Amino acid sequence: MRAKISYAVTAAVLVFYFVLVGSRGVMLIQSGTVLTVTFGVAVLILPVIGLWFLWKNTQFVRKANQLAAELDAEGGLPVDELKRTPGGRIDRDSADEVFAKRKAETEAAPDDWRSWFRLAVAYHDARDTPRARKAMQRAIALHDGRPVQT
């Protein structure tokens with residue numbers, strides 16, 4: 001719940017910022033000179049890109065949470081079997097061991113979104129965020145029946 005509140009607050013702050021920047025862009029365009037209109041258009045592009053990025057991330061998180069809920073209902077969420085240091089950090093060797101199991105599971109069933117979901121969690125635990133995101137995107141695409149990009 002704390003993560004959802006943090007995400008909502010961050011999104012609200014970003015939307016406020018985008019509106020503020022957008023209003024400055026409109027003000028520059030209203031000035032009417034070639035230079036200010038050019039800058040105004042350039043300034044308006046930033047909030048558009050930011051809103052698109054925020055929308056795509058929100059959709060990704062929503063879909064990943066839906067998969068997690070469905071997998072939880074099936075009793076298939078990965079069990080936290082990772083060893084931790086006294087400070088609470090995940091032990092690297094333990095993460096590598098679990099990752100090897102998840103990778104083998106995914107290689108055995110490459111068209112199963114569940115295995116890709118669990119592989120994404122293993123990548124995340126191994127602190128490999130880009131690969132975790134790609135694995136989760138693949139799980140979402142497989143779940144939705146969309147073609148998978150390799």
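**Close-up views of a predicted model**

**View 1. Asn-57 and Arg-133 meet through their side chains.** A polar contact of 2.6 Å links the side chain of Asn-57 to the side chain of Arg-133. The model is predicted. Asn-57 sits in helix 2, which spans residues 34-74. Asn-57 counts as buried because its relative accessibility is 17%, under the 20% limit. Setting aside neighbours within four places in sequence, Asn-57 is in contact with Tyr-7 and Arg-133.

View 2. Four residues make the patch: Met-1, Ile-5, Val-9 and Val-13. The patch covers about 440 Å². One of these residues, Val-13, belongs to helix 1 (residues 2-31). Val-13 has a relative accessible area of 53%, so it is exposed; the cut-off is over 50%.

**View 3. Arg-127 has a positive phi.** The angle is about 65°, although Arg-127 is not a glycine. Most residues other than glycine have a negative phi. Arg-127 is found in the loop between helix 4 (113-125) and helix 5. With 55% relative accessibility, Arg-127 counts as exposed.

View 4. Helix 5 (residues 129-144) has the highest mean pLDDT among the elements of the protein chain, at 94. Helix 3 (residues 92-108) has the lowest, at 87. The average pLDDT of the protein chain is 90. A score of at least 70 is reached by 99% of the residues.

How values were computed. Residues are numbered from 1 along each chain as its sequence is written. This is a predicted model: local features need pLDDT of at least 70, side-chain atom pairs count only at pLDDT 80 or more; totals for chains, interfaces and linings use all residues. Side-chain values use heavy atoms; hydrogens and water are left out. Helices (H or I, at least four residues) and strands (E, at least two) are DSSP runs, numbered from the N terminus. Buried means under 20% relative accessible area, exposed over 50%, partly exposed in between (1.4 Å probe, protein chains only). A polar contact is a pair of N or O atoms within 3.5 Å; within protein, one must be able to donate a hydrogen and the other to accept it, and residues adjacent in sequence count only if both atoms are side-chain atoms. Contact means heavy atoms within 4.5 Å. Patches are made of residues with over 30% relative accessible area and no salt bridge: like charges are joined within 9 Å, nonpolar side chains (Val, Leu, Ile, Met, Phe, Trp, Tyr) within 5 Å. Accessible areas come from the Shrake-Rupley method with a 1.4 Å probe; for residues, only the protein chains shown count as cover. A salt bridge is a side-chain nitrogen of Lys or Arg within 4 Å of a carboxyl oxygen of Asp or Glu. pLDDT is the predictor's confidence in each residue, from 0 to 100.
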